[in-house]
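Colleague: I'm new to reading structures. Could you walk me through ring pairs and helix packing?

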Amino acid sequence: MQRHLISAADLTRDDAVLILDTAEEMARVADRPIKKLPTLRGRTVVNLFFEDSTRTRISFEAAEKRLSADVINFTAKGSSVSKGESLKDTAQTLEAMGVDAVVIRHGASGAPYRLATSGWIDAHVINAGDGTHQHPTQALLDAFTMRRRLVGPDVGLGKDLDGRRVTLVGDILHSRVARSNVDLLHTLGAEVTLVAPPTLLPVGVETWPCEVSYDLDSTLTKSDAVMLLRVQRERMNAAFFPTEREYSRRYGLDGDRMAKMPDHAIVMHPGPMVRGMEITADVADSGRCTVVEQVTNGVSVRMAVLYLLLGGAEPAVTHARPTEEK
């Protein structure tokens, strides 16, 4: 593992598989009566969130506490940032407190990279989402969920997603999740297809390691996993499609469309879902939808990332000897 986790594109195939395998060990901890490991005892991790978040912030906090780290939650609202303090000043304040790792979410693309390479702080930096750029731990938990469902939790150890077909549908233009998933899934050997209106595809998408389609129905029959993406209205400054009804008719996943998918195929969503637009309630609540699993798996994956960056050479999980088992 490298010193920081800034982009899914920075991970090699071996890096990614190591994280997924370590996450399998961490997932077993969740089945214990006491869901804690002493691995990061004495280490301090700051969750530095300049954007609103529910799932990611709580997921990181749960992961950090399960590894016994000391956790500091920092939100821009109510802090000196709202008075005009710069990222540099905030970073130097954290450096003065002796933090070991910073989990940062920022509205500006490139902010985590700047923090990691500026010399302002001598801590590990983990990108929890920056602008429309990257969200590497989301891509890792998505890949972890796919491997568990499509390969198997135990037989999948050491394996990637070679030959699997994944379709990403929706607002690709504004989605850091889409960019991260395309990078990571390509590294893991999967075949990725983007499906979106032409107005919601970024300039230069033809250089990405994936296929592009404007017809959802034609891709469903050959997909192992279909991931719906939320239309990010908060990032839009123009009309990108005529109406919500028109978007839903062309690019929404309902029960009839889900029936066209192979029997083993799964439906994914990074959340939050807008029911009735990109996904209907019957699909969201079906057994093929992995949204709740993705949240659960997010904690295991983030525990794995924190352990590999901060844990040193100690074993991730200490297994009790048979004589000690009760």
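Predicted model: local features only at pLDDT ≥ 70, side-chain atom pairs only at ≥ 80, totals over all residues.

Colleague: How many aromatic pairs does a search of the whole structure find?

Modeller: A pair of rings is described by the distance of the centres and the angle of the planes. Rings of Phe, Tyr and Trp (its six-membered ring) pair if their centres lie within 6.5 Å; planes under 30 degrees apart are stacked, over 60 edge-to-face, and the rest tilted. Here the search finds two pairs. Phe50 and Phe74 are tilted, at 6.1 Å centre to centre with 50 degrees between the planes.

Colleague: Which parts does that pair tie together?

Modeller: Helices (H or I, at least four residues) and strands (E, at least two) are DSSP runs, numbered from the N terminus. Phe50 sits in the loop between strand E1 (44–49) and helix H2 (55–66), and Phe74 in strand E2 (residues 70–75), so the pair links parts 24 residues apart in sequence.

Colleague: Is Phe74 buried or exposed?

Modeller: Buried means under 20% relative accessible area, exposed over 50%, and partly exposed in between (1.4 Å probe, protein chains only). Phe74 has 17%, so Phe74 is buried.

Colleague: And what about Tyr247 and Tyr251?

Modeller: They form a tilted pair too, 5.7 Å centre to centre with 40 degrees between the planes. Both lie in helix H8 (residues 244–251), four residues apart, which means about one helical turn separates them. Tyr247 and Tyr251 are both buried.

Colleague: Now the helices: at what angle do H5 and H6 pack?

Modeller: Axes are lines fitted to C-alpha atoms, for helices over the stretch in contact, and angles run from 0 to 180 degrees between N-to-C directions. Helix H5 (residues 136–150) and helix H6 (residues 176–187) pack at about 55 degrees, with axes 8 Å apart. Under 35 degrees is roughly parallel, over 145 roughly antiparallel, 65 to 115 roughly perpendicular and the rest oblique, so H5 and H6 are oblique to each other.

Colleague: Which residues meet there?

Modeller: Contact means heavy atoms within 4.5 Å. Among them, Leu140 and Met146 in H5 meet residues of H6 including Leu184 and Leu185.

Colleague: How close do the axes of H2 and H11 come?

Modeller: The axes of H2 and helix H11 (residues 291–310) come within 8 Å, crossing at roughly 55 degrees. That makes H2 oblique to H11.

Definitions and conventions. Residues numbered from 1 in each chain as written. Heavy atoms only, no water.
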